[in-house]
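Here's a short tour of one protein model, written for someone just getting started. Have a look at the sequence and the 3D view, then read on.

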Amino acid sequence: MNSTDIATYLVQHPHFFEEHAELLSSIKLTSPVMGRAISLQERQMEVVREKYRALELRLAELMRIAEDNHIITGRFQSWTRSLLLARNDVDLPHILTQGLQDIFDLPHATLRLWNVAADFSHTWFSGSVSEDAMLFAKGLSAPFCGPNQDFEAAGWIEAAEPLQSIAMLPLRQAPGAMTFGLLVLGSPDPARYTKDMATDFLVQIADTSSAALSCLIDQ
């Protein structure tokens, strides 16, 4: 019999070691942890301990993620509350962007809106936006995150240090609806906004921002 035949036999006869328990103490295996030959029972205990350690690490990671999500949820609630407390529509863009910076500890945040109502045509948030920038925002089906490649939107942010990474969030009242603005987050840290980062939370920020700012748009 070769080793495969023996393995097959043991699989087909799971009670073999119960019938020959004396063999368990004589079987020796090499321990990758201890670096010496150990009994089958000791090796089984090592395997159990390794699985337990892996479960502990996984549980710790899940607890960390849960704690981070709890903190983010609290901040999101505070930011949303500040928008609801705004007394004048014209104050909303400032409250929104300043709240993102203060509550979420973001280096820079600004926005531009187009097709605004006549009452808001001379405000800072209705400043000049090129057709190319509007088309870029219209083409975004999700927030853009990545290095700042001299985007026009990066120029809307007045920063002492050059912006190395940027996130651009299209503003629209519903999926597929007309894009009426762009929310821009910038950072001098090149690793703050990356192409491979999750954007689920940014989508929520964009949706809430769109709902809050839609009152400024000429319907």
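The side chain of Arg172 has a polar atom 3.0 Å from the backbone oxygen of Leu140. Keep in mind that this is a predicted model. Arg172 sits in strand S5, which covers residues 165-172. What is the nearest side chain of opposite charge to Arg172? That's Asp207, 7.6 Å away. Arg172 is buried but has no salt bridge, because a salt bridge needs the nitrogen and the carboxyl oxygen within 4 Å. The side chain of Arg172 does make a polar contact of 2.8 Å with the side chain of Thr179.

Now for some backbone angles. Most residues other than glycine have a negative phi.

| Residue | Phi | Where | Relative accessible area |
|---|---|---|---|
| Asp105 | about 55 degrees | loop between helix H4 (92-103) and S3 | 59% |

Over on the surface, Met1, Ile6 and Tyr9 form a nonpolar patch, and together they have about 350 Å² of accessible area. Ile6 belongs to helix H1, residues 3-12.

How confident is the predictor? The chain's average pLDDT is 89, and 91% of the residues score at least 70. Among the elements, strand S3 (residues 108-113) has the highest mean, 98, while strand S2 (residues 37-39) has the lowest, 61.

Methods
Residues are numbered from 1 along each chain as its sequence is written. This is a predicted model: local features need pLDDT of at least 70, side-chain atom pairs count only at pLDDT 80 or more; totals for chains, interfaces and linings use all residues. Side-chain values use heavy atoms; hydrogens and water are left out. Patches are made of residues with over 30% relative accessible area and no salt bridge: like charges are joined within 9 Å, nonpolar side chains (Val, Leu, Ile, Met, Phe, Trp, Tyr) within 5 Å. Accessible areas come from the Shrake-Rupley method with a 1.4 Å probe; for residues, only the protein chains shown count as cover. Helices (H or I, at least four residues) and strands (E, at least two) are DSSP runs, numbered from the N terminus. pLDDT is the predictor's confidence in each residue, from 0 to 100. Buried means under 20% relative accessible area, exposed over 50%, partly exposed in between (1.4 Å probe, protein chains only). Lys and Arg count as positive and Asp and Glu as negative; His and the chain ends are not counted. A polar contact is a pair of N or O atoms within 3.5 Å; within protein, one must be able to donate a hydrogen and the other to accept it, and residues adjacent in sequence count only if both atoms are side-chain atoms.
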